[in-house]
2 protein chains.
Amino acid sequence: MPTISLRGQLMPPSPIRKLVPFSEAAKKRGVHVYHLNIGQPDIETPKPILDAVRHADFKILEYSHSAGNESYRRKLVTYYERFGISLTPQQIIVTTGGSEAIVFAFMACLDPGDEVIIPEPFYANYNGFAVEAEISIKTITSSIESGFALPAMEAFEKAITPKTKAILICNPNNPTGYLYSKAEMEVLRQLCLKHNLFLFSDEAYREFCYSGTHFSAMNLENMEEHVILMDTISKRYSACGGRIGAFVTKNQVVLDAAMKFAQARLSPPSFAQIAGEAAVDLPGDYFNGIKAEYLSRRDLLVKLMNEIPGVFCPNPGGAFYAMARLPIDDSDKFCQWMLESFEYEQQTVMMAPGTGFYATAGLGKNEVRLAYVLNLKDIASAMTCLKKALEVYPGRTTA
Amino acid sequence: MPTISLRGQLMPPSPIRKLVPFSEAAKKRGVHVYHLNIGQPDIETPKPILDAVRHADFKILEYSHSAGNESYRRKLVTYYERFGISLTPQQIIVTTGGSEAIVFAFMACLDPGDEVIIPEPFYANYNGFAVEAEISIKTITSSIESGFALPAMEAFEKAITPKTKAILICNPNNPTGYLYSKAEMEVLRQLCLKHNLFLFSDEAYREFCYSGTHFSAMNLENMEEHVILMDTISKRYSACGGRIGAFVTKNQVVLDAAMKFAQARLSPPSFAQIAGEAAVDLPGDYFNGIKAEYLSRRDLLVKLMNEIPGVFCPNPGGAFYAMARLPIDDSDKFCQWMLESFEYEQQTVMMAPGTGFYATAGLGKNEVRLAYVLNLKDIASAMTCLKKALEVYPGRTTA
């Protein structure tokens, strides 16, 4: 039997999805599972964008342009204008989800062995894309005490080596919900200019900011050659299954390279490009309603979490995640135990263990990520469950 | 300014799409361009599968399972059963186009520097995926005189090195249209068993066989651990824009590795999975009509091509491509000249230069690939154009 590749062996399994069999078993036992583990919003996809697909009138489901339909890219230009980001349609490559934008950035800018610096905790799938691209992720740890603010410039300086080619941030952040300030973005700008680095900016949650306003990396001055924006419609319009994202940069050489990767895979999905195009025309107040909903969920979740003895949950400024510290020995064990061995009034909670978001061994063992993608009532019930669970968990560490 | 990666520089541009600016300029001059250059069928996408998407009733466009919706994978099991291929839904990973199935196979089975043997001419985008995966393509040349039959076993034996991990075939073949016989598949089987190689089989055109019947690599005996099927709905149902394919194998270790790559990118597109699922229920005679249409096109194209003085066009057994030898100095120059400097009754023809399908320098310079994705009348007009063009082309080599 031929053997698989080393990278096939090294490729990390999804830390979020590995608990799925335990959750399925719990459901089979009749236990209701509150899913705070995954970034699949419960918000309905706006009807106008689903209707655009339903009513699209064409006879052949053709390949689109490899960079995406020009009509969609022109619409995206108007979308970005709202944030003071001035682009041409040629500076946008429509991708298959935000995932592909990340892969294009890694492939076009880094060679095997090159390094990208990412503040940890970070979105776990960056690990997988790094294995695919054979590049190396170097992390700088942000602390829960500071609410996961950007680490100090000195920490970056210490981590930069001759192999460092880029810094990657997710803003607002998954998994921490932290919203980087303009001053923090300025620190990144100085670092990138001084050390001639790319700045990869994952802004999937741009619209979901509750404390402060979003400052896009695309708005940093004199950084046109450095910044690559990795974007997606998944969370913005509750359209995760569409698999439509965008790779955006003003660096023409990077664009030309990324286009070759785009051409090899022919085109991004056609149906969802129709949805994405319609989404840009949603009424201006669309996000107000969604934001108000997420804000009330955040406020409730953070309040109830911090009321549980021994729990510390910083107040996240954006996205729909919170990272909390629990009085537990091991978040992987605890999350599995919640599904396997605990129930309260036939209910339990599924969370993402903190360890999956750290590269440094040992970190995140007493942390979990909570996605507030459930309604207020369910969040309250889930918090009650979690409180009861922490009272009886055998691996509880403090009173 | 930070520099792009070496692989970003090495990544080949699409040899098929590089002529697009010249074709656009011709159209602006009022010249009608017959597109025989690209595998975008003109056949209408079956209405029932577009209707399935239009009438799908859901409120949230959610992520699907990373391996694709289970309902779709169960349907695919019944689809493959029609070809005597017995599978479980767990042996199928739904991919984003056939392209992603190729990437998963390269990533899961080969490490940087490993070699895959491919008969040339071959589908040009394999080159791009090889650059992404940092693997090496080694070719064995098939000859136009034999109609591009599988090269002799000895040619493979000579090409195999300690770094060889797989053989890749496309059957029926893009770009040659050649349909590999059962005897040729047996040769590949013996090679893979003897040298412990994977057999990657791209069967995108399975249904389009006009001379002889298709023998799938999945039906080779005792090859369960070796064969990976790379599939797509793009050509089968004229649904190229859906971006839905499949990675299929009975090798559990490979499946487990590929699933990790699938999890990293979360899920394949949801809309097109609905289309793909409906496609399996198309009436049994659906392909008969399509095949009859392609067969009459092939017969006309091959006949008219061989009537042009100095042209040789073997009769392809499947797919919807033909590779022809022309009396020209350089197929890149000729194809560009057709668009830039030639017109006959305000018409011209766009073809794919043969050079893009060969890895060996110098080969394909007097060959072009023709995709018969136009109706009979247009094919006849295109052939008249080509005949007239060859009469006046300054780089014509023989009488």
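Me: What separates the centres of domain 1 of chain A and domain 2 of chain A, taken over C-alpha atoms?
Reply: This is a predicted model: local features need pLDDT of at least 70, side-chain atom pairs count only at pLDDT 80 or more, and totals for chains, interfaces and linings use all residues. Residues are numbered from 1 along each chain as its sequence is written, chains are lettered from A in the order written, and side-chain values use heavy atoms, without hydrogens and water. Chain A divides into domain 1 (6-44 + 286-392) and domain 2 (47-279), with bounds from an automatic or database domain assignment. Their centres lie apart by 25 Å.

Me: How many salt bridges are counted between domain 1 of chain A and domain 2 of chain A?
Reply: A salt bridge puts a side-chain nitrogen of Lys or Arg within 4 Å of a carboxyl oxygen of Asp or Glu. A:Glu145 and A:Arg325 form a salt bridge at 2.7 Å, N to O. Between the two domains the count is two.

Me: What area do chain A and chain B bury between them?
Reply: Buried area is the accessible area (1.4 Å probe) that two parts lose on being put together, summed over both. Carbon and sulfur atoms carry 58% of it here. The total is about 6600 Å².

Me: How many residues does chain B give to the contact with chain A?
Reply: Contact means heavy atoms within 4.5 Å. Chain A gives 81 residues. Salt bridges between the chains number zero. Chain B gives 81 residues.
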